[in-house]
Amino acid sequence: GIASFWWQHKILGFFCITLVFLIMFSRNYLGVHTSQDVIVSLVIGIGFLILIKKTLHWIEHGKNRDIVILIIMALLCCAISAFIWFKSYPVDYNAQGEILYDATDTRIYSSARVLGIFSLFFGLLFENRFIKFSAENGGIIRKIIRVVIGLYLFRIYTDFINNYIYETTNGFNAYCAENILTAIFITIIFPCIIKFADIIIN
């Protein structure tokens with residue numbers, strides 16, 4: 001996302017673009033993904049980035065357009081969830097006739113991701129209407145500090161997820177809780193913390 005602001009902050013943009021390519025190389029070098037995987041993922045990521053930027057621009061220049069987008073996303077997420085649960089999956093067996101992979105895991109994990117995507121859009125609507133956080137406030141140093149604080153807080157958050165959520169619940173509920181809380185943290189909790197800190201500093 002930061003790399004998309006290349007023309008405004010060339011040094012930061014160059015750093016982020018370099019980081020993206022290093023991650024791509026490492027995934028391929030370690031054998032976790034093929035070259036086709038990382039290239040297709042890059043293209044999809046750029047496509048989503050362009051789509052999100054245009055959507056946010058469209059929302060900002062009209063009344064109640066954020067609600068329209070949220071309704072569209074709700075319908076889209078329902079359609080995707082229905083497809084996930086009603087789609088037939090191939091079943092592979094080993095020599096003993098045992099199932100090698102249960103498609104239920106795929107359904108549960110994918111449905112939780114879809115719920116997380118909807119939660120992300122809901123959080124964006126909430127932030128846009130009530131928090132009204134702007135990343136443009138402050139100079140480049142303050143923005144870097146925000147990123148560092150965000151990464152530190154996200155580390156605390158992931159520890160909470162691993163040490164509490166997955167210890168107290170499991171399966172579909174744990175996946176849903178992780179995705180919903182992640183969306184809320186990114187779109188609501190972190191902007192609130194940064195905005196409150198800016199108010200104190202100013």
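Asparagine 64 sits in the loop between helix H2 (35-60) and H3, where helices (H or I, at least four residues) and strands (E, at least two) are DSSP runs, numbered from the N terminus. Asparagine 64 isn't a glycine, yet it has a positive phi of about 60°. Most residues other than glycine have a negative phi. With 37% relative accessibility, asparagine 64 counts as partly exposed; buried means under 20% relative accessible area, exposed over 50%, and partly exposed in between (1.4 Å probe, protein chains only).

Lysine 132 has a positive phi too, about 55°, and is not a glycine either. You'll find lysine 132 in the loop between H4 and H5. Its relative accessible area is 57%, so lysine 132 is exposed.

A word on what you're looking at: this is a predicted model, in which local features need pLDDT of at least 70, side-chain atom pairs count only at pLDDT 80 or more, and totals for chains, interfaces and linings use all residues. Residues are numbered from 1 along each chain as its sequence is written, and side-chain values use heavy atoms, with hydrogens and water left out. The pLDDT is the predictor's confidence in each residue, from 0 to 100. Its mean over the chain is 84, and 96% of the residues reach 70 or more. Confidence is lowest in helix H1 (residues 10-29), at a mean of 82, and highest in helix H3 (residues 65-86), at 93.

Now step back to the whole chain. It has six helices and zero strands, so from the N terminus on the elements read α-α-α-α-α-α. The C-alpha trace spans about 70 × 40 × 35 Å along its principal axes. Of the 202 residues, 21% count as buried. Looking at contacts (heavy atoms within 4.5 Å), residues 24 or more positions apart account for 59% of those with a separation of 6 or more.

How do helices H5 and H6 pack? Helix H5 (residues 140-168) and helix H6 (residues 171-201) meet at an angle of about 145°, with their axes 10 Å apart. Here axes are lines fitted to C-alpha atoms, for helices over the stretch in contact, and angles run from 0 to 180 degrees between N-to-C directions. The residues of this contact divide into 17 nonpolar, two polar and four charged. In that count, Ala, Val, Leu, Ile, Met, Phe, Trp, Tyr, Cys and Pro are nonpolar, Asp, Glu, Lys and Arg are charged, and the others, Gly among them, are polar.

Leaving aside its neighbours within four places in sequence, threonine 106 is in contact with Tyr89 and Tyr101. Threonine 106 and isoleucine 140 are 34 residues apart in sequence and 42 Å apart in space, C-alpha to C-alpha.
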